[in-house]
Amino acid sequence: MSPSIGRAAISLLLIALVSWWSISLATDATGRILSLSLILGLLFGIVLQRGRFCFLCNFRDFIEHRKIDGVLSILIALGFGIVFYTVIMMAWVPVPQPDRLPPNAHISPVGWVMALASTAFGFGAALSGSCLSGHLYRIGEGAFGSIIAILGAALGFLIGFLTWNSLFTLAVHDDPPLWLPHIFGHGGALIAGLIGVVALIIITLWLGKRQPQPPSDDNKNYLSLAGQAVFSRRWPPVLTGILVAAIGAFAYLRIAPIGVTAELGSLVRTAATPAGFVPETLSGLDTLRGCVSAVKSTLLSPNGVFVIGLVIGAFASAVNARQFQPSWPDAKGLARRLIGGVLMGWGAMTGLGCTIGVLLSGIQAGAVSGWVFLVFCSLGAAVGLFTLRRGWL
């Protein structure tokens, strides 16, 4: 059996096993939600891995090398997601009333705490080498140092729980959850969101440069070239962005907005509260919108199986593309991942999500908090990258 056939067989076996597990979960209404979450996580992991869809990695490529494909995939995902979300929300909330928000949408309070949390998250992502979603799919590629970043994020969540009540009383309690349709209506919010995305695309194209495409080999047949395009080469930014937007919109329609931090925060909160490390009451947290860390009452949760599916999907995709390369960083790299993970965990807990839950799902839903996260997370990441380049860390 050739190596390529063996890799394909391993990938198909993993996908088949996850599909079987998904079917076995669908025994009741709760099981059907878990089943769909698992499948969506699997698909999301494949798309992240094949499209290299990592906010920090793409931002770093743009800042340091003026490569624009990754940033374009993010902006395209935002643009198509805004359209998809608008269609759903117009059906669910035809008239945006001042005291009503769309069900489950990640529309977080906007204020200086959100800005601070976003900045800390961006700086931590730069320090650790990836955002949290990037670390999850990189685990599937064999980057085992990312496990240290996830453990650091768990510690950051714990610190966030300890500081939450003070920050909530000081500021978050009075911060409004701003939703663009409340200001402009659905049509105006759609236009405003698309104008923002198009403006960022124009700036990206103006400042950046496209990566040269590998020369095509005329001696290869079309089937071979198509196989390489799907299974070996990086997917184009337009395709990646559309697929990310479609998965996010379908998840919102059937389950909840996508995010990758709720399960991690819930595990930390559930384990730490009985031990007295976390206050039993976290003021107002369970009433807010976003990737809120609730106390776990069941072993499996929709977000938990989504993350499991994400890692498995990324692994299956990486194996098939010959990009599964087990690695372990040196002591300095581990320290950076740990400290960066702590900053990301604190930022994700305090900001009620990460680049997926707040930035992606939030902007697509018309939340001002998503745009605030985008601005200050980018600022924190830029400072972090500058700090690393100067050798200060």
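**Exercise 1.** Which side chain meets that of lysine 296 in a salt bridge?

*Solution.* Keep in mind that this is a predicted model. Start with the atom pair: the side chain of glutamate 263 is the partner, at 3.0 Å from N to O. A salt bridge requires the nitrogen to be within 4 Å of the carboxyl oxygen. Finally, check the burial: both lysine 296 and glutamate 263 are buried.

**Exercise 2.** Find how many salt bridges the whole structure holds, and describe the one made by arginine 52.

*Solution.* A search of the whole structure gives three. Arginine 52 pairs with glutamate 141, and their closest N and O atoms are 2.2 Å apart. Arginine 52 lies in the loop between α2 (29-51) and α3 (55-65), and glutamate 141 in the loop between α6 (132-140) and α7 (145-170), so this pair links parts that are 89 residues apart in sequence. Now for accessibility: arginine 52 has 26% and counts as partly exposed, whereas glutamate 141, with 9%, is buried.

**Exercise 3.** Work out how helices α4 and α10 are oriented relative to each other.

*Solution.* Take α4 (residues 69-92) and α10 (residues 237-254): they pack at an angle of about 30°, with axes 7 Å apart. Angles under 35 degrees count as roughly parallel. The two helices are therefore roughly parallel to each other.

How values were computed:
Residues are numbered from 1 along each chain as its sequence is written. This is a predicted model: local features need pLDDT of at least 70, side-chain atom pairs count only at pLDDT 80 or more; totals for chains, interfaces and linings use all residues. Side-chain values use heavy atoms; hydrogens and water are left out. Axes are lines fitted to C-alpha atoms, for helices over the stretch in contact, and angles run from 0 to 180 degrees between N-to-C directions. Helices (H or I, at least four residues) and strands (E, at least two) are DSSP runs, numbered from the N terminus. Angles under 35 degrees count as roughly parallel, over 145 as roughly antiparallel, 65 to 115 as roughly perpendicular and the rest as oblique. Buried means under 20% relative accessible area, exposed over 50%, partly exposed in between (1.4 Å probe, protein chains only).
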